[in-house]
Amino acid sequence: MPERRKAYPTAEELRIWRDFIETTEALRSELSSRMQRESSLSPGDYAVLLALREAEGRRLRSSELAARIGWERSRLSHQIGRMERRGLIRREECVTDSRGAEVVLTPQGAEAFRDASLPHLRDVHELFVNTLTRDQLAAAEQIATALRNGLKVPRDT
């Protein structure tokens, strides 16, 4: 458990915070640019496709999909519309509840996800894994866990 501190960060703590945030954003930006360039998928596309790929039957109710990727339902609705127009997903009436719809991974979406995954994993390895030592990777995991716990965000397994 972290020690209790005063209400505001010190200048040194703010410097560390900014460095952390700016570096994280630069890493995300580079990964996003590479994904878009190599596969024509946005990070949002990839997040949706990944969640559907991992879901039983490769389908999820919209509300469950939004919860899995941590998005507001309105944001997801716009994303789904764009992806549906490109043939990556489709909406189907929910068989267990006629009031709802499920988002379903299409064969084209599965292929796009497969094609994007190897370059993306290569880029993650190059830009993240290869730049850190084993001890630094372990520390990154501990930091992520502490931050997630402080935010009370469940960990995906």
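1. Is L14 buried, partly exposed or exposed? In this predicted model, L14 has a relative accessible area of 40% and is therefore classed as partly exposed, since that class lies between the cut-offs of 20% and 50%. The residue is placed in helix α1.

2. L14 belongs to a nonpolar patch on the surface, which it forms with W17, F20, I21, I143 and L147. Together these residues have about 560 Å² of accessible area. Two helices, α1 (11-39) and α6 (134-151), each supply at least two residues of the patch. The largest share, four residues, comes from α1.

3. In soluble globular proteins, nonpolar side chains tend to be buried together. Here the largest nonpolar core holds 24 residues, of which L41, V48, L49, L52, L65, L76 and I89 touch the most other members. Two or more residues each come from α2 (43-54), α3 (62-69), α4 (73-85), β3 (101-105) and α5. The greatest contribution is that of α2, with five residues.

4. Residues up to four places away in sequence aside, L52 touches R58, R59, L60, I89, V103, V104 and L105.

5. Beyond its neighbours within four places in sequence, D123 is in contact with L31, R34, E38 and F128. The C-alpha atoms of D123 and E25 are separated by 15 Å, the two residues being 98 residues apart along the chain.

Terms used: Residues numbered from 1 in each chain as written. Predicted model: local features only at pLDDT ≥ 70, side-chain atom pairs only at ≥ 80, totals over all residues. Heavy atoms only, no water. Patch = residues over 30% accessible without salt bridge, like charges linked within 9 Å, V, L, I, M, F, W, Y side chains within 5 Å. Areas by Shrake-Rupley, 256 points an atom, 1.4 Å probe, with all protein chains shown as cover. Salt bridge = Lys/Arg side-chain N within 4 Å of Asp/Glu carboxyl O. Buried < 20%, exposed > 50% of the residue type's maximum accessible area, 1.4 Å probe, protein only. Contact = heavy atoms within 4.5 Å. Core = buried A, V, L, I, M, F, W, Y, C linked by side-chain atoms within 4.5 Å.
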